[in-house]
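Here is a short report on one protein chain. Keep the sequence and the structure open while reading.

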Amino acid sequence: MTSTTFDTSQYKARIRAEWRDAALGWRTWFHVLEAENAGFAVSRRLIQLAGIGPGDAVLDVAAGYGEPGLTAARAVAPGGLVVCTDISGEMLSYGAERAAAERLDNVKFVECDAEELAFEEGSFDAVLSRQGLQFLPDVAGVLARLHAFLKPHGRLAAAVWGPPTTVQFAAPVPIIRAELELPPPPPGGVPGPFALGAAHRLRQLVVAAGFTGVETGTVTAVYELDSPELATRWLRDVAPPISSLVNDRPSSIQKRVWERVTEAWGPYTTADGRVRLENEALWVAGSK
């Protein structure tokens, strides 16, 4: 029997490259990703759960292009500060452009691996993370560090994707794997989009990091595209963990696979030809 050892350094190098390449896609599809009932609905819920208000200092971990950090920046004004951190400088650059366009001068952007963040203990009133924790090799270690960064009674509010069966944008993944004859994903312990999709596991990790009054729940992000073809283009542009399964294949195979993906949107296509994808995010919140 052979076993495969997870190479953390190799994984992080791949993640940096994938999100560097995806940054343009997130810029292109911002209107879909941050629609009122899409990403913004999740950001809004996290701000509520963290109890953020004027004057607060907030840390956003794995902020990408600045969410939920920029939403928090509006909530902490006047007098507050938000620090957005991410492993991808390209994603953060777009976040900085967004902040400048909105004249938000209370946001800082720091390119840094979440596992290497270094702040003084008791620096923040709240810590946020939207769709970032599941990609971390050492979730437990990061949560313990985030606990230390919080002031007494500070709040953590984070969201991750729920189980794949509740995340409709992932519906084509089994089809992709079947078309490419890929083995099933390795069981447990490997970071990825659905690594923390079990609410009890997410809660256990947060409690183990020292948080109290820990609660979990769900919030739905709805992504809407004008056609199945555009839905496929969107998925290719914004979901590196999915598109990377296909991108290194010969062009003829890529074409066949993406055609199957376009067909897979059928159950989610409305009478007017639009694709509506409902995606369950799990949230967790607790206090120091």
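P68 sits in the loop between β1 and α4. In this predicted model, the peptide bond joining E67 to P68 is cis, with omega about 10 degrees.

A cis bond also joins A77 and P78, where omega is about -5 degrees. P78 belongs to the loop between α4 and β2.

Helix α4 covers residues 69-76, and together with β1 and β2 it makes a right-handed β-α-β unit.

Two parallel neighbours pair with β1. Strand β2 (residues 81-86) is joined to β1 by 5 bridges. There, V58 has V82 as its bridge partner. Strand β4 (residues 124-130) is joined to β1 by 3 bridges and also runs parallel to it. On that side, D60 is bridged to L128.

## Nonpolar cores

The largest nonpolar core holds 65 residues. Which members touch the most others? They are I52, L128, F169, I176, Y223, W234 and L235. Helix α1 (residues 8-28) gives the most to this core, with 6 residues. A second, separate core has 29 residues, including A57, V127, L150 and F211.

I52 shows how the contacts reach across the sequence. Setting aside neighbours within four places, I52 is in contact with I47, V58, A72, A75, V76, A126 and L128.

## Helix α7

Helix α7 runs over residues 173-180, and its buried residues include V173, I176 and L180. These three lie on the same side of α7, because they cover an arc of only 60 degrees around the axis. P174 and A178 are on the other side, and they are exposed. I176 is also one of the residues that touch the most other members of the largest core.

What packs over the buried side? The cover on the buried residues of α7 includes α10 (240-243) and α11 (251-264). E181 follows the helix, and its phi is positive, near 55 degrees.

## Positive phi outside glycine

R103 is not a glycine, yet its phi is positive, at about 55 degrees. The residue lies in the loop between α5 (89-101) and β3 (107-111). R103 is exposed, with 75% relative accessibility.

H153 is another residue other than glycine with a positive phi, near 70 degrees. Its setting is a strand, β5 (residues 150-161). H153 is exposed too, at 68% relative accessibility.

## Cysteines

How many disulfides does the structure hold? The count is 0. The cysteine sulfur closest to that of C84 is in C112, 13 Å away, so the two are too far apart for a bond. C112 is in no disulfide, and its nearest cysteine sulfur is that of C84.

Are these two cysteines buried or exposed? C84 is buried, with a relative accessible area of 0%. C112 has 18% relative accessibility and therefore counts as buried, since the cut-off is under 20%.

Note on methods
Residues are numbered from 1 along each chain as its sequence is written. This is a predicted model: local features need pLDDT of at least 70, side-chain atom pairs count only at pLDDT 80 or more; totals for chains, interfaces and linings use all residues. Side-chain values use heavy atoms; hydrogens and water are left out. A nonpolar core is a set of buried Ala, Val, Leu, Ile, Met, Phe, Trp, Tyr and Cys residues joined through side-chain atoms within 4.5 Å. Buried means under 20% relative accessible area, exposed over 50%, partly exposed in between (1.4 Å probe, protein chains only). Helices (H or I, at least four residues) and strands (E, at least two) are DSSP runs, numbered from the N terminus. Contact means heavy atoms within 4.5 Å. The arc is that of the directions from the helix axis to the C-beta atoms. Two strands pair if DSSP finds at least two bridges between them. A crossover is right-handed if, with the strands pointing away from the viewer, the path from the first strand over the helix to the second runs clockwise. A disulfide is a pair of cysteine sulfur atoms within 2.5 Å.
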